[in-house]
Amino acid sequence: MTTITRMAPVENHFRGGIDVRVSLRDGAGDGNSAFDGAWFPRSRDLGVELPELIAELERRGVRIERFTYSLEAWEPAPRKLVLRDRLVRTGGFRSMDPLVVCLTWNGGTQRADLLVVPPETDVLTGARALRLCTRRGLPRSPQMVLAAARSTPLPQVPQVHRRAV
């Protein structure tokens, strides 16, 4: 299983090395799963969130060339982002599911759909969704995956019984 979070590089426009909450399953982009991973942004501002996501995925060996998203779910974003020495094109569409973003790389031959965990989601549910989306065989409905993340039981902590002294 892949690591869920890593430190983003501290460069211009990055928030001081904040963890980028993203998961990417092994074999992402092979078309064999409803979701190739998940992303848990901290806001709906792509101008802030997207450079960090792209930098983190590049660190993992995925050089994103195009990023598409739902216009209804995000604040307006630039159509082109220049990150380091390269250009990443973005596109917003009204027809896209607000809980999904699409990434393409490798000359457009590989595509990954990431479930978007809404920024207002509690951290425990978000972490569960990040883990769930690294598995194959998930339902195609983002709402069902998020519902499963919410309903996962909390880990049980054994109680320690102490003797009275």
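Let's start with one contact. Arg-21 lies over the face of Phe-40, 3.6 Å from the ring centre. Keep in mind that this is a predicted model. Every value I give is computed.

Now to strand 8. It covers residues 110-116.

Who are its neighbours? Strand 7 spans residues 100-105 and runs antiparallel to strand 8. Six bridges join strand 7 and strand 8. Strand 3 is residues 37-39, and it pairs with strand 8 in the parallel sense. Here there are three bridges. Look for Trp-39: its bridge partner in strand 8 is Val-116.

Next, the turn. Strand 7 and strand 8 make a hairpin with four residues between the strands. Which residue in that hairpin takes a positive phi? It is Asn-106, near 60°. Most residues other than glycine have a negative phi. Asn-106 is not a glycine, yet its phi is positive, about 60°. Asn-106 sits in the loop between strand 7 and strand 8. Its relative accessible area is 47%, so it counts as partly exposed.

Let's go inside. The largest nonpolar core has 25 residues. Which of them touch the most other members? They are Trp-39, Leu-53, Leu-57, Ile-64, Phe-67, Trp-74 and Val-101. Several elements give two or more residues to this core: strand 2 (19-24), helix 1 (46-59), strand 4 (64-70), strand 5 (80-83), strand 7 and strand 8. Helix 1 gives the largest share, five residues.

Zoom in on Ile-64. Leave out residues up to four places away in sequence. Ile-64 then touches Ile-54, Leu-57, Arg-86, Val-88, Leu-103, Thr-104 and Trp-105. Another core lies apart from the largest one. It has 16 residues, including Ala-34, Ala-129, Leu-132 and Val-145.

Ala-129 and Leu-132 take us to helix 2, residues 123-132. What are the buried residues of helix 2? They are Thr-125, Gly-126, Arg-128, Ala-129, Leu-130 and Leu-132. Among the elements that cover them are strand 2, strand 3, strand 8 and helix 3 (142-151).

On to the rings. A pair of aromatic rings is described by the distance of the centres and the angle of the planes. The count here is three aromatic pairs. One of them is Trp-39 with Phe-67, and it is edge-to-face. The centres are 6.0 Å apart, with 90° between the planes. Buried or exposed? Trp-39 has a relative accessible area of 1%, so it is buried. Phe-67 is at 0%, so it is buried too. Trp-39 and Phe-67 also belong to one aromatic cluster with Tyr-69 and Trp-74.

Last topic: charges. Side chains of opposite charge can pair when their charged atoms come close. How many salt bridges does the count give? Seven.

Here are three of them. Begin with Asp-113 and Arg-111, which meet at 3.0 Å, N to O. Asp-113 is at 17% relative accessibility, so it counts as buried, under the 20% cut-off. Arg-111, at 47%, counts as partly exposed. Then Glu-56 and Arg-60. Their closest N and O atoms are 2.9 Å apart. Glu-56 counts as buried, at 0%. Arg-60 is partly exposed, at 23%. Then Arg-63 and Glu-58, at 3.6 Å, N to O. Arg-63 counts as partly exposed, with 42% relative accessibility.

To finish, back to Trp-39. It pairs with Val-116 across the strands. It is among the residues that touch the most others in the largest core. And it sits edge-to-face with Phe-67.

Technical notes: Residues are numbered from 1 along each chain as its sequence is written. This is a predicted model: local features need pLDDT of at least 70, side-chain atom pairs count only at pLDDT 80 or more; totals for chains, interfaces and linings use all residues. Side-chain values use heavy atoms; hydrogens and water are left out. Buried means under 20% relative accessible area, exposed over 50%, partly exposed in between (1.4 Å probe, protein chains only). Two strands pair if DSSP finds at least two bridges between them. A nonpolar core is a set of buried Ala, Val, Leu, Ile, Met, Phe, Trp, Tyr and Cys residues joined through side-chain atoms within 4.5 Å. Contact means heavy atoms within 4.5 Å. Rings of Phe, Tyr and Trp (its six-membered ring) pair if their centres lie within 6.5 Å; planes under 30 degrees apart count as stacked, over 60 as edge-to-face and the rest as tilted. A charge sits over a ring if NZ of Lys or CZ of Arg is within 6 Å of the ring centre and within 35 degrees of the ring normal. A salt bridge is a side-chain nitrogen of Lys or Arg within 4 Å of a carboxyl oxygen of Asp or Glu.
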